[in-house]
Amino acid sequence: MDHSGHGMTMDLPPFTLGRGLQWSADPFFLVACLVGLGLYAYGVVRLRRRGDKWSAARTVSFVLGVLTIGLVMCTKLNDYGMVMFSVHMVQHMIISMLSPILILLGAPVTLALRALPTAGKGRKGPRELLLMLLHSRYMRIITHPAFTIPLFIASLYALYFTPIFDFLMGSKAGHIAMMVHFLAVGVVFFWPIIGVDPGPQRPGYLMRMLELFAGMPFHAFFGIALMMASTPMVETFKNPPASLGIEALSDQTAAGGIAWAFSEIPSVLVLLALLFQWYGSEQRQARRKDRAADRDGDKELEAYNAYLASLNARGH
């Protein structure tokens, strides 16, 4: 059976990075990436025209995030990922752990809230609907650690070690749904932790670090489980096409190694972002305290001068 829904997938030559990066666009993800970049660019241009600033670093981060999705879904990596567990795992790790972090560091929700016009009094436009969604009970639930951490873990174990994965890989629509799911899970997991965009959950910096490290070891354990297995564990990848010249078990071991090693990358990225934010927050607080102290000092000086003036007046 051709699991891919691509006619060519079964006759792929042995994998090389050069072949993997050749153009082979999935129409759904190509359109989604172009729409995402277009909307973001529209928001930035709208702010600039109004005379407002928008961080170039945020723009670069968002663009890189969308391009990483394009990299794994609009190249031959996507074709090879249908029949090679190792390539599929690269796709999964990037789209669920790297793309969401880069997109979130681009602060798309903040940009939307600043760029969208406010509707007239008593009316609800896109901006008002977005604010309602951000403050809804639904958002509070799906961004709560009690929901995001188990979901993040279940997306690995419940998917790969049950027949759900094979079912989804059996059709083009199923494969797209699975990749969208990986991206969405990554976004809801990292959103409250990164904390750049407004959201219903805004824990302190230490709590965010704990949330980050609560999920990552399970990724490493998942990778180790694949590496230690003595038989192929996922039906879809049990019989790789002969043209690839690979053996299922060694490919699965490679997939496990990728899952294990990759769990470190987002941890370091997010940790750096958090430490940077924390430092910035401390600096802002220190500046606020200095300004308050300056104001208090000015008031004391004014009171002292007034007191001297009153003594002087009495003397006369």
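Mentor: Asp79 counts as buried because its relative accessibility is 6% (buried is under 20% relative accessible area, exposed over 50%, partly exposed in between, with a 1.4 Å probe and protein chains only). Before we go on, this is a predicted model, where local features need pLDDT of at least 70 and side-chain atom pairs 80 or more, while totals for chains, interfaces and linings use all residues. Residues are numbered from 1 along each chain as its sequence is written, and side-chain values use heavy atoms, without hydrogens or water.

The side chain of Asp79 meets that of Lys76 in a salt bridge, at 3.8 Å from N to O (a Lys or Arg side-chain nitrogen within 4 Å of an Asp or Glu carboxyl oxygen). An α-helix has 3.6 residues a turn, so residues three or four places apart point the same way.

That pair belongs to a set of 3 salt bridges in the structure. Arg50 and Asp52 form one of them, with 2.9 Å between N and O. Arg50 is partly exposed at 44% relative accessibility, and Asp52 is also partly exposed, at 27%. Glu235 and Lys238 make another, at 3.4 Å from N to O.

Helix H6, residues 108-115, has Val109, Thr110, Leu111, Leu113 and Ala115 buried. These buried residues pack against H2 (27-49), H3 (56-73), H7 (126-134) and H11 (172-194).

Another packing to follow is that of helix H9 (residues 145-160) on H12, at an angle of about 10° with the axes 10 Å apart. H9 and H12 are therefore roughly parallel to each other (an angle under 35 degrees). On the H9 side the contact is made by Pro145, Ile149, Phe152, Ile153, Leu156, Tyr157 and Tyr160 (contact is heavy atoms within 4.5 Å). H12 answers with Glu211, Ala214, Gly215, Met216, Phe218, His219, Phe221 and Phe222.

Two of those names, Phe218 and Phe221, come back on the surface, in a nonpolar patch with Ile224, Met227, Met228 and Trp260. Together the patch residues have about 610 Å² of accessible area. Helix H12, residues 205-228, gives the most to the patch, with 5 residues. Ile224 is found in H12 and is partly exposed, because its relative accessibility is 34%. The patch rule takes residues with over 30% relative accessible area and no salt bridge, joining nonpolar side chains within 5 Å and like charges within 9 Å.

Last, have a look at Ile164, which lies in helix H10, residues 164-169. Ile164 is partly exposed, as its relative accessible area is 44%. Leaving aside neighbours within four places in sequence, Ile164 is in contact with Ala158 and Leu159. Ile164 and Met178 are 14 residues apart in sequence, and their C-alpha atoms are 9.9 Å apart in space.

Note on methods
Areas by Shrake-Rupley, 256 points an atom, 1.4 Å probe, with all protein chains shown as cover. Helix = DSSP H or I, 4+ residues; strand = E, 2+ residues; numbered from the N terminus. Axes fitted to C-alpha atoms, helices over the stretch in contact; angles between N-to-C directions. Parallel < 35°, antiparallel > 145°, perpendicular 65-115°, else oblique.
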